[in-house]
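Welcome! Please open the structure in your viewer and keep the selection tool at hand.

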Amino acid sequence: AIGRNASNSATACAHANIALIKYWGKADEGLVIPTTSSLSLTLDGLSTQTTVEFLDGDETLAGGDGARADGDEVRADAAGSDGSATKSDATPDTISDTVPDTLTIDGVLQHGTSLARVSRFLDLIRERAGIAAPARVTSRNTVPFGAGLASSASAFAALAAAASRAAGLELSGRELSRLARRGSGSACRSIYGGLVKWNAGHDDATSYAQPVECPMDLAIIVILISAKEKPMSSREAMRLTMRTSPLYPAWVRASADDMTRALAAVAASNLDALGEVVEANALGMHASMMAARPAVIYWLPQTITALSAVRDLRKHGYSAWSTMDAGANVKVLTAAADAEQVASELRDRLPGQTIEIHHIGSGVRVVE
Ligand code: 2P0
């Protein structure tokens, strides 16, 4: 019943998402189970398009015919001379040591940690599909890499969709969301368009994203303060915050109530009520980071200027609310109908800053 793609290749496109109620910290690092549920908007524009091609696609690890010997050989090589082949065979780490996947991002061939992370992720798919073939992964972004504009979300959502299709797996949206989560937590939300809730859950089966009906037409205005690579990865920063920040448990406790209030505000089409909790949740997350030891501070001087410009807009009657991720950039939640005017007011107050409107985007899709 598995309708394997004849060419063993597939291309998928996914968009970034911006969390309104944040994910910050893992209850289970290996499975990427978060400590809190989160809520996000998938945007248009900021996207990743990824092609995955499994080479020598006839090789199988599980129950193949003549090709099976190849798979065994790969595993025997991986075990080395310590005789651990029977114990370690087919574990994801063993395969990635031997399978020469290639990864090209925006025309640049990758090595080291980014390739290793993609290989480990592909191992989940290879294991599930019963294939041992190495993959050629080619990715193009319209998102500045690692600048707190959620590049890992669109990247792993696109990779999950393209690689699972190329491997012949037919996954439901929920299965795809669970799979993308293993690559990067926030990626599970980019499987869907519009407003999306990631249920924290307590294990692999219960931690997935799902779309949430949103009667408001919202927009996110990005104030691009820095497109430079952030000083510390969110993965590292979350770990440090969880381990050392005395404010972190308080943020986690507040988050459940924030989610309830946010969902109620959405259902009531009350942008002011939504915005208030969105801004508070993000600032609380940053407060918990700043209280880590050593402190995690993503803010730059222009960050404060942008945050106060947004507060000033509210004084002038606009419904505009700030949120921030693991970077210095400020994102502004507003109604789609007001976005042009809010952006223009922000440009007046923040001369020289790049300010872009993003409307709501769609979920991941396989394009070829
Ligand atoms: C979010 N962020 O909810 C939060 C808010 C950044 C701040 O999800 O370790 O790249 O790969 O699961 O998803 C960024 O973290 O972290 C993130 P991993 P991810 O959007």
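Here is a short tour, going from the whole chain to a few places in it.

What you see is a predicted model, in which local features need pLDDT of at least 70, side-chain atom pairs count only at pLDDT 80 or more, and totals for chains, interfaces and linings use all residues. Residues are numbered from 1 along each chain as its sequence is written.

**The whole chain.** Select the protein chain and colour it by secondary structure: there are 11 helices and 14 strands. Both are DSSP runs numbered from the N terminus, helices being H or I with at least four residues and strands E with at least two. Of the 368 residues, 48% are buried. A residue is buried if 20 or more other C-beta atoms, placed from the backbone, lie within 10 Å of its own, exposed if 12 or fewer do, and partly exposed in between.

**Strand 8.** Next, select residues 195-199, which form strand 8; 4 of its 5 residues are buried. What lies beside it? Strand 4 (residues 38-54) pairs with strand 8 in the antiparallel sense over 4 bridges; pairing takes at least two DSSP bridges between two strands. Show Leu-39 and you will find Lys-197 of strand 8 opposite. Strand 9 (residues 208-211) also runs antiparallel to strand 8, joined by 4 bridges. Here, Trp-198 has Ala-209 of strand 9 as its bridge partner.

**Helix 4.** Finally, select residues 112-129, helix 4, and pick out Ala-116 within it. Is Ala-116 buried or partly exposed? Ala-116 is partly exposed because 16 other C-beta atoms lie within 10 Å.
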